[in-house]
Amino acid sequence: MTDTTTASPTSSSRDRVLIFDTTLRDGEQCPGATMTFDEKLAVAELLDTMGVDIIEAGFPIASNGDFEAVSEIARRTKRATIAGLARAIPADIARAGEAVRHAGRGRIHTFVSTSPIHLAHQMRKTEDEVVEIILKTVAQARDLVEDVEWSAMDATRTPLDYLCRCVEAAIKAGATTINLPDTVGYATPGEYRDMFRAVRERVPNADRAVFSVHCHNDLGLAIANSLAGLEGGARQVECTINGIGERAGNAALEEIVMAIRTRGDVMPYETGIESQMLTRASKLVSHATNFPVQFNKAIVGRNAFAHESGIHQDGMLKHAETYEIMTPASVGLAKTSLVMGKHSGRAAFRSKLDELGLNLTDNQFQDAFERFKALADRKKHVYDEDIEALVDENLATAQD
Ligand code: KIV
Ligand code: ZN
């Protein structure tokens with residue numbers, strides 16, 4: 001099959017998009033998804049090997065366990081930058097700095113809410129007070145590490161003028177990455193893209209920072225919004241394996257990576273991710289968090305490369321590109337599966353018999369196919385053993 005993932009434009013004309021994985025922080029905030037220390041180390045090692053640029057390893061002030069995990073991941077990681085999260089509170093920032101100090105490259109990721117609803121009800125602070133907090137806390141973080149990310153929590157529900165004021169303050173105080181999260185998954189793609197465009201145009205020192213997207217999936221728009229943010233000029237994507245995260249989750253890393261790879265013809269970006277490791281990463285995180293991956297989940301779900309309808313199976317047997325836009329190998333899966341069920345046609349049934357080494361005459365085939373259809377009407381899953389059994393039965397009846 002032609003790999004459509006190598007479509008134009010050429011690699012050199014694409015912008016590099018940084019992948020910031022927050023499976024171990026925002027992902028772990030998903031109710032019921034806590035991981036043990038060893039599981040976190042295993043996930044971090046795999047993320048590093050697969051080419052994640054920044055691993056947000058945890059929230060060091062949250063617990064001693066989180067602090068230990070971030071510190072150990074910082075010590076062990078070979079390539080990726082290790083980030084620790086901190087609220088805009090001096091003790092949080094100091095703790096995050098301590099945890100990431102062992103990293104080859106350490107980042108403090110500090111955030112504060114900027115929307116009116118958060119300022120009024122959660123922070124109980126005025127706009128001016130929050131700007132003062134940004135100036136102080138980002139400067140404190142910058143004294144500890146070179147690499148400081150600042151996030152405007154609930155950016156998408158923040159008036160643009162005030163958002164620009166906060167971003168300008170954060171960059172002035174030394175932030176090197178500016179993240180504008182869609183914290184409650186409220187934005188639409190057009191709005192999210194336009195917010196990045198406007199902030200980057202209006203903030204005078206915007207070119208001194210990398211802009212980042214961070215999208216939640218409350219309306220199922222996390223991937224669409226993340227890609228729209230890239231169109232608006234962001235060059236870092238925050239995401240999690242299998243899309244785990246608060247409430248409906250975060251943008252899924254595997255979906256972002258494969259959308260960029262597969263539609264390189266219309267999205268001139270590239271990531272450093274080895275996509276063949278995506279299936280392995282999905283399985284590891286699902287196992288560590290005890291969170292099943294939904295069957296129809298894009299890229300890594302059990303059905304993502306499975307075909308049952310007769311028309312689709314017939315097409316797939318003739319040419320894989322008829323119903324697949326990426327190869328299973330490109331995400332680390334051995335092969336496409338043609339699921340045998342009541343929708344399967346003769347072509348798929350014949351191919352299954354060939355695969356099982358069962359050679360039937362035309363009459364035997366006809367008889368076996370009818371028995372298979374009758375069985376598939378009664379049974380949800382028709383396994384290889386069922387087919388072998390019905391062929392045996394078929395041959396035995398013919399001999400009687
Ligand atoms: O969703 C969010 O706003 C966050 C911040 C801490 C970046 O996770
Ligand atoms: Zn988040």
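**Entry 1: S71**

I began with the contacts of S71: leaving aside neighbours within four places in sequence, S71 touches A99 and H102. I note here that the model is predicted. I then looked up where S71 sits, and its place is in helix α3, residues 64-76. Is S71 buried or exposed? I found 21 C-beta neighbours inside 10 Å. The cut-off for buried is 20 or more, so S71 counts as buried.

**Entry 2: helix α13**

I went on to helix α13, which spans residues 346-355. Which of its residues are buried? I list A348, F349 and L353. These residues lie on the same side of α13, because they cover an arc of only 140° around the axis. For the helix in general, I recall that there are 3.6 residues a turn, so residues three or four places apart point the same way. On the other side of α13 I found D354 and E355, which are exposed.

Next I asked what covers the buried residues of α13. The cover includes α12 (310-318), β12 (337-338) and α14 (362-378). I also checked the backbone after the helix: α13 is followed by G357, and the phi of G357 is positive, near 70°.

**Entry 3: strand β7**

I then turned to strand β7, residues 177-182. How many of the six residues of β7 are buried? I count six of the six, so β7 is largely enclosed by the rest of the structure. As a general point, side chains in a regular strand alternate between the two faces of the sheet. In β7, I see T177, N179 and P181 pointing one way and I178, L180 and D182 the other way. Both sets are buried.

**Entry 4: the partners of β7**

I looked up the pairing of β7 with β6, residues 147-153. The two strands run parallel and are joined by three bridges. One pair I noted is E149 with its bridge partner T177 in β7. Between β6 and β7 the chain crosses through helix α7, residues 160-172, and I recorded this β-α-β crossover as right-handed.

Which strand pairs with β7 over six bridges? I found β8, residues 210-215, and the sense is parallel. Here I noted S212 in β8 as the bridge partner of N179.

Note on methods:
Residues are numbered from 1 along each chain as its sequence is written. Chains are lettered from A and ligands numbered from 1 in the order in which they are written. This is a predicted model: local features need pLDDT of at least 70, side-chain atom pairs count only at pLDDT 80 or more; totals for chains, interfaces and linings use all residues. A residue is buried if 20 or more other C-beta atoms lie within 10 Å of its own, exposed if 12 or fewer, and partly exposed in between; C-beta atoms are placed from the backbone. Helices (H or I, at least four residues) and strands (E, at least two) are DSSP runs, numbered from the N terminus. The arc is that of the directions from the helix axis to the C-beta atoms. Two residues are in contact if their C-beta atoms, placed from the backbone, lie within 7 Å. Two strands pair if DSSP finds at least two bridges between them. A crossover is right-handed if, with the strands pointing away from the viewer, the path from the first strand over the helix to the second runs clockwise.
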